[in-house]
Amino acid sequence: MPLVSIITPSWNVESLIEETIRSVQSQTFADWELLIADDCSTDATPAIIAAMGERDPRVKLMRQVKNGGPALARQASIDAAQGRYLAFLDSDDLWLPEKLERQLAFAKQKQAAVSYTAFRRINETNTVTGRLIEVPASLTYDQLLKNTAIATLTAMVDREISGSIAMKNEGYDDFCLWLSILKRGHTAYGLNEDLARYRVRGSSVSSRPMRSAKWVWQIYRNVEHLSPIRSAWCFAHWGARAWLKRREF
């Protein structure tokens, strides 16, 4: 059984998916499986994944029957995952070589249900844009409601500590997942090391700030069932942090 199962949805990323897979294959920690659930791509994405899987059986292509969005694709990978730890990586993002090794050691030390790391942004030509996005040392449920610190490509879940894992088919399904785990009384721990590269693309699902804000508000009201006043309070803090995170300097 692999120790780490990597959860990756893909859709029409033929120009980027090979590099993402190679960033996993370059990890100094090698006991992993990469479960890529392709969401009915219309380009060569599935063929590229399949070809790389033939050369490396740790890379596994799973094909969705119909296009349902990243939450359902992630859930398909989670359902097939064999590892104790789930690490999340989107199909256009990259890890630095020591990401898994460093984060696993950190997660074990902290006995963390959820851990996350710092990262930098890159553009479509792999140019680093902006500063290092640093992370807080820890986050509780109440703190995460007001924070944007857990980037999907940096997150790792220890299933032996977290309990059951299920994605909600919502915008920001990842945010919903972290909240659902921390709501059980767990604390998430941040490793403030530069270990990942988040790719900013105009076509990405979360690239539109107004839509992102709408999704977060809907999570407060419809998923977490917060009162209007508490939702507004959390949203003000979330919005301020989101603005600071997007700044490039």
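Helices (H or I, at least four residues) and strands (E, at least two) are DSSP runs, numbered from the N terminus. The model is predicted, so that local features need pLDDT of at least 70 and side-chain atom pairs count only at pLDDT 80 or more, while totals for chains, interfaces and linings use all residues. Residues are numbered from 1 along each chain as its sequence is written, and side-chain values use heavy atoms, with hydrogens and water left out.

F235 and W238 both lie in helix α9, three residues apart, or about one turn of the helix. Rings of Phe, Tyr and Trp (its six-membered ring) pair if their centres lie within 6.5 Å, and planes under 30 degrees apart count as stacked, over 60 as edge-to-face and the rest as tilted. The structure holds five aromatic pairs, including these two:

| Pair | Centre to centre | Angle between planes | Class |
|---|---|---|---|
| W217 and F235 | 5.8 Å | 90 degrees | edge-to-face |
| F235 and W238 | 5.8 Å | 25 degrees | stacked |

Buried means under 20% relative accessible area, exposed over 50% and partly exposed in between (1.4 Å probe, protein chains only). W217 is partly exposed at 32%, F235 is partly exposed at 26%, and W238 counts as buried at 9%. Elsewhere, helix α7 (residues 173-182) is mostly covered, with nine of its 10 residues buried, among them F175 and W178.
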